[in-house]
Amino acid sequence: MIRQPSRHCTVELQAVPARIGHVRRIVSAQLRYWRLDALIDPAALGVTELLANVHRHARPSKQCTVELCVLLDQLTVSVHDEDPRLPRIRAADTWDTCGRGLALIAALSESWGVRPDGSGKVVWFTLPALTTAPEEACTVRGYLEPLPLADTGTAAGPCPGIRGTRVG
């Protein structure tokens with residue numbers, strides 16, 4: 001039975017540190033409204049990592065769009081920016097203070113990917129949006145599981161317009 005087949009929310013912003021906290025609060029409020037409270041922490045952490053990457057790496061502009069999409073039993077969080085360079089997981093050394101963002105996205109999500117989009121790109125991740133058992137709503141992959149370091153092929157994203165290379 002499909003009660004709410006899809007739900008959608010977008011936020012446009014400049015990815016600067018002051019705005020990232022604001023977007024975390026918007027994501028949290030939207031997920032609370034959709035009664036997906038168990039997904040607030042992993043979704044907010046994931047969107048923070050993606051926006052930090054836009055802030056650190058995107059050129060020429062920090063302008064981006066955050067999109068939340070619930071389709072059936074899956075939440076997709078995506079960030080579109082205007083930089084065409086595609087990110088990739090890199091192996092961070094023990095004492096590195098950065099470089100683990102995409103590995104974290106891979107660990108906390110069910111799947112994630114990246115795809116070119118117009119003059120920029122979209123980076124997305126998915127979480128199971130089950131509403132029956134909050135403690136089971138988000139399965140976090142263990143940090144010791146091996147992570148893919150290269151693209152594994154093209155796969156469609158779960159929400160309309162979100163297609164990309166499935167990485168995790």
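Analyst: Happy to; let's begin with a contact, which here means heavy atoms within 4.5 Å. Among contacts in the chain between residues at least 6 apart in sequence, 63% join residues at least 24 apart.

A word on ground rules. This is a predicted model, so local features need pLDDT of at least 70 and side-chain atom pairs count only at pLDDT 80 or more, while totals for chains, interfaces and linings use all residues. Residues are numbered from 1 along each chain as its sequence is written, and side-chain values use heavy atoms, with hydrogens and water left out.

The chain contains three helices and seven strands, where helices (H or I, at least four residues) and strands (E, at least two) are DSSP runs numbered from the N terminus. Their order along the sequence is β-α-α-β-β-α-β-β-β-β. Of the 168 residues, 45% are buried; buried means under 20% relative accessible area, exposed over 50%, and partly exposed in between, with a 1.4 Å probe and protein chains only. The chain exposes about 9400 Å², with carbon and sulfur atoms supplying 53% of that area. These areas come from the Shrake-Rupley method with a 1.4 Å probe, and for residues only the protein chains shown count as cover.

The part I would pick is strand β5, residues 120-128. Nine of its nine residues are buried, so β5 is largely enclosed by the rest of the structure. In a regular strand the side chains alternate between the two faces of the sheet. Here G120, V122, W124, T126 and P128 point one way, K121, V123, F125 and L127 point the other way, and all are buried. A lysine, K121, is among these buried residues.

What does β5 pair with? Strands count as paired if DSSP finds at least two bridges between them. Strand β3 (residues 74-81) pairs with β5 in the antiparallel sense over eight bridges, and V123 of β5 is the bridge partner of V79. Strand β4 (residues 111-117) also runs antiparallel to β5, joined by seven bridges. D117 stands opposite G120 of β5. β4 and β5 form a hairpin with two residues between them, and G118 in that turn has a positive phi of about 60°.

Next, the helices. Helix α3 (residues 101-108) is mostly covered, with eight of its eight residues buried. Those residues are G101, L102, A103, L104, I105, A106, A107 and L108, and their cover includes α2, β4 and β5. An α-helix has 3.6 residues a turn, so residues three or four places apart point the same way. The buried residues of α2 include I40, V47, L50, L51 and V54.

A cis peptide bond joins R59 and P60, with omega about 5°, and P60 sits in the loop between α2 and β2 (63-71). R35 is not a glycine, yet has a positive phi of about 60°; R35 lies in the loop between α1 and α2 and is exposed, at 69% relative accessible area. L72, in the loop between β2 and β3, likewise has a positive phi, of about 55°, without being a glycine. L72 is partly exposed, at 47%.

Finally, confidence. pLDDT is the predictor's confidence in each residue, from 0 to 100. The chain averages 78, and 69% of the residues score at least 70. Where pLDDT is low, the predicted coordinates should not be read in detail.
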